[in-house]
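Please keep the sequence and the 3D view open while reading.

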Amino acid sequence: MSVSGWSLRLSRQLAVLCVLAVAPLLAQAQGGRVTGTVSDSANRPLDNASVTVVGTRYGAISDVNGRFAIAGVPAGTYTLRTQRIGNRAVETPNVMVTAGATTEVNVSLTAAALRLGGVVVSASRRVEKITDAPATVTRLEAAQIANSVGNSFAPALKEVKGIDFIQVGITAVAINARGFNSSFNNRMLMMEDGRIAVLPENGLPVGGFTTIPKVDLAGVEVLVGPGSALYGPDASNGVLTLQSKDPKQFQGTTLEVAGGSRSFMDFQARHAGVTSSGTFGYKISGEYLSANDFENQLRYAGNVREQGLGGSVDWKTDVMRAEGALVYYRGDGRLEFNAGGSKSNGVGQTNVGRNQLIDWQYRHAQLKWTTPRWYANAYATQSLSGETYAINRYSSARPATPATISDDSVARLSDFPAEGRLYAAEVQGNYTVAPLLNTRLVYGAQLRRDDVSSKREWLIDRLTNENIILNQQGIYAQSETPLTSQVRVVLSGRYDKSTAYEANFSPKAGVLYSPWIDQTFRATYNQAFKTPTSLNNYFSIPDFVKLAAGFGGFGVYGNKDGFTVQNAAGTTLATYRPLVPEKNTTYEVGYKGILRNRVFVDAAYYQSDYENFISPLVTINAHLSGTFAYDAAGQRIVSTNGAQSVLTYLNLGKAKLKGMDAGVRWVLTDNVAASGTLSLTKLSKVEKKPTDPAAVLEATALNTTPTKWNVGMDFNAPGRNLLGGFTVRHVTGYNFRSGINAGVIPTFETLDITFGRRIPSLGAQLNVSVQNLAACSNGTYELFAGQASPGTLKRKRGCNIGRRHLEMINMPSIGTMLFVGVRYDR
């Protein structure tokens, strides 16, 4: 039977089962409705408040107008519990519900100085209490972000449980979760306001190229663990979501000016408002940042000294970004158009060296429509590499090129010009089936089209003279059924089809048990996949290393269709299949709960099985020794200079990973809280074939610490207009291997402190942050004559104020960073 026939038969069987299950329930008498408005002490509506009927499975989340509606509640007298992050929980007793009638209950919440719990979106693609979410997820709210200094929310990610936080510069960070990191990592999907935020030409997340200034961030969510069942490809290890502010909810003007170490300067501004009728809203925001980054100089193989234009690498980093939006409000719905762009300069790491980023641009335009039950989204993004060039290629080419050829000309010969366009659209619905045990459904469909060009230089478009076009379609659905007031079952899945690889199905299943309010035990099964990037599939650079005339060279080629290797007699020596997506199957158990309204605990144990790792570049033949590579059409791979030794990507190895992520937040008083996280990771098993090349060791390298933890305290005293805190972070040393970036990252600890002072009379707040005020490290690298970077590790434990420590091989060690900022809100 064909796949389509099997799917049709299965669909019919499921439809029959659903009808049989629903039919008797439809005959039951309908319950009543509880509706109302959640507001603050100033009578302003509050969104994202969780309203639950205590002792039942019924509940709702308030919308942007503070309204909520709970349907299908059996007749009786109940207590309503209302809670929201940043506010004190309230219980409303003696709420009488009558069958077929509506009971109106309005709730007022007062502000709380410190947060505990809250609501999230990314775990189920709908608003839900964090204690109900079937995954490990952390949310940073607008207030937390506003209390940070500088251009980015990134420092706050240091305290997120399960996250590998890697500082690679004064403003640049890299994040990953649950292992298998690399210098060119795309295992975590990044989303911005519902947009897929990746660079199509290389598959990397947008990261620091984001168009959203910090002053326009309403929240940041980090989902740790597989997310493909709802988000599709490349959510193998997690999802990072940025949400910008709504003009109606966040009106007014914000200005922020910051300065600090290494000539750091940051200027941000935002203005938003609505028309007198409240029908239209608007916002505009922008930022300019500049700093002299930490720096180091590499030495490449062959004793090649790293250099850039003018003889040295330019370590000045700067970025300009801006965005704006127009919003039309009608009842519970909103229609938004937004657009933005950024331009960046700096240094970026790769597996073979570093890139000098020169005028790298990223842009987006988006139209989205939202109602309580429907969401539609269409957008386009574009990335342009500008004058960016590969520092490692320039460093090798400059000494070998006549002095009569300018540095700019050599840089152009060392560039990787690229343009990536991403077009996407999505429709999503949600529905609560009251007769079916109040089952909540989320379902949607997504279309995506990537248009990639290397300007006919280093991808397959140099041969086809046409841009690379990749089309992808995905459909997904999730149901959450409360079998009883304490037990819920979550089932979800996503089907993705692409022109770049065979169709994939990503399932998820979970059982959640909530014996008490705001406490949930869970067990889940998840499967996710990471797709080959455009580089993996479509690289095409003959003579990347060129030999003498007529002797060919070493060429880099993508593995979209596979290769064979033959000897001079035509005997096949090896066959390499085309790349397939890497798969991650994870089993997880966890607990989330709020104890006595003072302690929030989130802990999870997981086991992940990985297979079909996508390797680094592997040499599959040696043409000088008489073995030759052939493509899928049977054509020998040659250049104008002769035969090629082919470097390409392969699927290699399997691995089993075990680990634990835990976080605790304890509100000691109304103004003081303590927090801590702990993550343990262990690579328990690696499988490889005897015929696998040595690159399998890099493909299956865990590249993460076995133990990381942080502890800290924070305080917020509104009466005295003071806030602040400190965080101590520990990372146990580990081996890292990613291309030329191979070595040991020594154990280190760091201390960060923050302090804030509100000035109500001016509508301002002063923020001070000292990152890495003090640090301990178990060693430093020293580069001896003739050695390639990183050199020799000198193991010696040391602790001091201002001490530098290393977080990424072949990137600069990081020292103390002081930032002082003033934020004005009106």
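Is Glu221 buried or exposed? Glu221 has a relative accessible area of 2%, so Glu221 is buried. Buried stands for under 20% relative accessible area, exposed for over 50%, and partly exposed for values in between, with a 1.4 Å probe and protein chains only.

## Basis of the values

This is a predicted model, in which local features need pLDDT of at least 70 and side-chain atom pairs count only at pLDDT 80 or more, while totals for chains, interfaces and linings use all residues. Residues are numbered from 1 along each chain as its sequence is written, and side-chain values use heavy atoms, with hydrogens and water left out.

## Salt bridges

A salt bridge is a side-chain nitrogen of Lys or Arg within 4 Å of a carboxyl oxygen of Asp or Glu. By this rule the structure has 38 salt bridges. One of them pairs Glu221 with Arg139, with 2.9 Å between the closest N and O atoms. Glu221 belongs to strand S16 (residues 217-224) and Arg139 to strand S11 (residues 136-141), so this pair ties together parts 82 residues apart in sequence. Helices (H or I, at least four residues) and strands (E, at least two) are DSSP runs, numbered from the N terminus. Arg139 has 10% relative accessibility and therefore counts as buried.

Lys708 and Asp164 form a salt bridge whose closest N and O atoms are 2.7 Å apart. This pair links distant parts of the chain, 544 residues apart: Lys708 is in strand S46 (residues 707-717) and Asp164 in strand S12 (residues 163-167). Lys708 is buried, with a relative accessible area of 12%, and Asp164 is buried at 6%. In the salt bridge of Lys583 and Glu611, the closest N and O atoms are 3.8 Å apart. Lys583 lies in strand S38 (residues 582-595) and Glu611 in strand S39, 28 residues apart. Lys583 is partly exposed at 28% relative accessible area, and Glu611 is partly exposed at 26%. Salt bridges with shared partners also join Arg178, Arg522, Glu588 and Asp661 into one network.

## Aromatic pairs

Rings of Phe, Tyr and Trp (its six-membered ring) pair if their centres lie within 6.5 Å; planes under 30 degrees apart are stacked, over 60 edge-to-face, and the rest tilted. The structure holds 13 such aromatic pairs. In one of them, the ring centres of Phe180 and Phe613 are 4.9 Å apart and the planes stand at 55°, so the pair is tilted. Phe180 is in the loop between strand S13 (173-177) and strand S14 (188-192), and Phe613 is in strand S39 (residues 599-614), so the pair ties together parts 433 residues apart in sequence. Phe180 counts as buried at 1% relative accessibility, and Phe613 counts as buried at 0%. Ring pairs link Phe180, Tyr610 and Phe613 into a cluster.

Phe416 and Trp458 form an edge-to-face pair, 5.3 Å centre to centre with 85° between the planes. Phe416 lies in the loop between helix H5 (407-413) and strand S28 (419-433), and Trp458 in the loop between strand S29 (439-453) and helix H6 (461-464), so the pair ties together parts 42 residues apart in sequence. Phe416 is partly exposed at 22% relative accessibility, whereas Trp458 is buried at 7%.

## Charges over rings

A charge sits over a ring if NZ of Lys or CZ of Arg is within 6 Å of the ring centre and within 35 degrees of the ring normal. Arg178, a member of the salt-bridge network, lies over the face of Tyr606, 3.8 Å from the ring centre. The charged end of Lys248 sits over the ring of Tyr329, 4.2 Å from its centre.

## Disulfide

The structure holds one disulfide, a disulfide being a pair of cysteine sulfur atoms within 2.5 Å. The disulfide joins Cys776 to Cys799, with an S to S distance of 2.0 Å. The link is right-handed, with 120° about the S-S bond. Cys776 is in strand S51 (residues 764-782) and Cys799 in strand S52 (residues 792-801), so the pair ties together parts 23 residues apart in sequence. Cys776 counts as buried at 16% relative accessibility, and Cys799 as partly exposed at 47%.

## Strand pairing

Two strands pair if DSSP finds at least two bridges between them. Strand S26 (residues 374-384) runs antiparallel to S28, joined by 11 bridges, and Ser383 stands opposite Gly420 in S28. S28 also pairs with S29 in the antiparallel sense, over 15 bridges. Gln428 has Gly444 in S29 as its bridge partner. The hairpin of S28 and S29 has five residues between the strands, and Leu437 there takes a positive phi near 55°.
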